[in-house]
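Please walk me through this structure, beginning with the ligand and what surrounds it, and then moving to the backbone and to a few individual residues.

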Amino acid sequence: MLKTSLSFCCVLLALVFLSSCQEQPIQIQAPELEISQAGLLPIPSEIQESDAAFALSESTQIVLADDSEIMKLLGRFAAEKIFQKTGVLLSASVGKAQSNGNHIFLNWSPDSEAAPAHRDIDAYLADPYSVNEAYEMEISNRALQISSASAAGLFRALQTLRQLLPEGATHQQNKKDIWALAGGQIKDAPAYAYRGAMLDVARHFFSPSEVKRYIDQLAYYKINTLHLHLTDDQGWRLEIKAWPKLTEIGGQTEVGGKSGGFYTQDQYRDLVAYAAAHFMTIVPEVDMPGHTNAASVAYPFLNGNGKEVQLYTGTAVGFSSWDANKEAVYDFVTDVVGEITALSPGPYFHLGGDESHVTPKADYIKFVDRVTEIVRQAGKTPMGWDEIVTAHTDSSAVAQFWASEKNAALAVEKGMKVLLSPAKKAYLDMQYHENSPYGLHWAGYVPVDTAYIWTPETYAKGVPKELILGIEAPLWSETISNSKELEFLAFPRLPGYAELAWSIPENRSWEAYKKRLAKQSHYFDRQGIGYYPSPLIDWETPNQKEPKLAKD
Ligand code: TNX
């Protein structure tokens, strides 16, 4: 009898001891928290608030659905970004949570069919625009559940999570810092498959680390495409092994006359991989037959404007052309397209085609027809500025609408998909106002409200929603040469384009957007983003000074 009760006591003691070692999950009361006050940008499709609050602390774990490479990538990303914001390094591991805390779960949606592009990064990169990026997030006291059919969807959800995390610890319990997240449910999905930004690395060169910095910022706003304008009159920025002078000669200058630069193929591959780890596709552009002076200086046989060519460091457009009537030019283009295609897993190759003012019309048509075919032969979908529709393009090519409504209408007639980049609304290189230090104004001034207040679905007359591939915000670099200047033009307008591309029109309003944009100043400050402190926005952190316009 004594023996039994002794051993019973031992078991009891052990249980008491064990349960005191086992951590109690932290519970907090934070009824004041609301998801809709967190400044989510782009605004999700559906938000349902609850009274719950999720307490993130050092005992939180990131629990992955399986040990696939793609899950591990997502887990690392989540841990890194949470660490950067909170200073707390969470573990990301597979299967069941090891402790009794509040955990973040990355799940595959139960009803999801696992299309290869949904769960494999290489398959995703080959076909990123048909992937289902919808995700759901359930935030309760004990768990933050994220689910999506695809890894891309989980990645987009992680951006939402980053935005939901408060700027600093909100509570303390048992000497532990706690970051409280508002409870509720988010259901979200993008309006458009293609959500892009373009960077002109030709007028001024941007180093690989500057491009990566921009990729980080774009990913935060769920943008999934970085279009790189790799060549122009002032510079050729990507090594082509068969034609080394393109970069040896054509890569040495930039606007203003400073030495330019170029990406080696290894550096470019590394950029593609960096973008891929952010579920972002790089669309390469070789602008032709105009905007080709730098290449023609390197290889004069290409030149078709009848004049002697020399390196150019000004900002005029429309004076250069390749010769559309020489077979050697097409052999050259085939080499270039081939080498770039080998570096580019994505579906699109952008052939430029804009402002070929000195190319005779018939030559332009012949050239675009030949090059779209070369691109197709290389296995890519041709994309070009809206002028390409004046050639014999068909529904297998994409037109990027930037200026001509007539060309946009013609694209629709041909059944071509249209990428919307109307200069008057979506050009990040347009000045905010007449004294803005950087940018141009040929399409008008584009203050923050003008940039946001338009409806892609109805903007280009006669372009129906089904034919809109997406939205892209181009940033031409005649007046900017480094990250600081880039960010002054891109921010705060870029988040607005991200929202136009991601969020449905019913959820968008300038008044509500303004408030969510105001909250971005915390992120801008933390990242050291020198944004333009537009007076239209009631920024939550003290404004930096707007740089003064240099007088000349
Ligand atoms: C027009 S947009 C261009 C570029 C310039 C830009 C400056 C387009 C297809 N062509 O060559 O850099 O304006 O805003």
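A polar side-chain atom of Trp442 is placed 2.7 Å from an oxygen atom of the ligand, and a polar side-chain atom of Arg203 lies 2.8 Å from an oxygen atom of the ligand. Glu355 contributes a polar side-chain atom 3.2 Å from a nitrogen atom of the ligand. On its own the ligand has 360 Å² of accessible area, and the protein covers 97% of it; such areas come from the Shrake-Rupley method with a 1.4 Å probe, and for residues only the protein chains shown count as cover.

This is a predicted model, in which local features need pLDDT of at least 70 and side-chain atom pairs count only at pLDDT 80 or more, whereas totals for chains, interfaces and linings use all residues. Residues are numbered from 1 along each chain as its sequence is written, and side-chain values use heavy atoms, with hydrogens and water left out.

Around the ligand there are 14 residues, of which Arg203, Tyr427, Asp429, Trp442 and Glu478 come nearest; a residue is near a molecule or strand if one of its heavy atoms lies within 4 Å of it. The shell divides into eight nonpolar, one polar and five charged residues, where Ala, Val, Leu, Ile, Met, Phe, Trp, Tyr, Cys and Pro count as nonpolar, Asp, Glu, Lys and Arg as charged, and the others, Gly among them, as polar. The ligand takes up the space of the second largest pocket. A pocket is, on a 1 Å grid over the protein atoms alone, an open set of points where a 1.4 Å probe fits, with protein on both sides within 12 Å along at least five of seven lines, and a molecule sits in it if more than half of its atoms lie within 2 Å of its grid points.

Glu355 also deserves attention for its backbone. Its phi is near 45 degrees, a positive value in a residue other than glycine, and Glu355 belongs to the loop between β14 (348–352) and α11 (361–377); helices (H or I, at least four residues) and strands (E, at least two) are DSSP runs, numbered from the N terminus. With a relative accessible area of 17%, Glu355 is buried, a term that means under 20% relative accessible area, while exposed means over 50% and partly exposed lies in between (1.4 Å probe, protein chains only). Lys222 likewise has a positive phi, near 70 degrees, and is found in the loop between α6 (208–220) and β10 (225–229). Because its relative accessibility is 1%, Lys222 counts as buried.

Most residues other than glycine have a negative phi, and most peptide bonds are trans. Against that background, a cis peptide bond joins Leu41 and Pro42, with omega about 0 degrees, and Pro42 is located in the loop between α1 (2–21) and β1 (46–56). Another cis peptide bond, also with omega about 0 degrees, joins Met288 and Pro289, and Pro289 falls in the loop between β13 (281–288) and α9 (293–298).

Helix α6 contains Gln217, which counts as buried at 2% relative accessibility. The side chain of Gln217 makes a polar contact with the side chain of Glu487 at 3.0 Å; a polar contact is a pair of N or O atoms within 3.5 Å, and within protein one must be able to donate a hydrogen and the other to accept it, with residues adjacent in sequence counting only if both atoms are side-chain atoms.

Conventions:
On a 1 Å grid over the protein atoms alone, a cavity is a set of points where a 1.4 Å probe fits but cannot get out, and a pocket is an open set with protein on both sides within 12 Å along at least five of seven lines; lining residues have an atom within 4 Å of a point.
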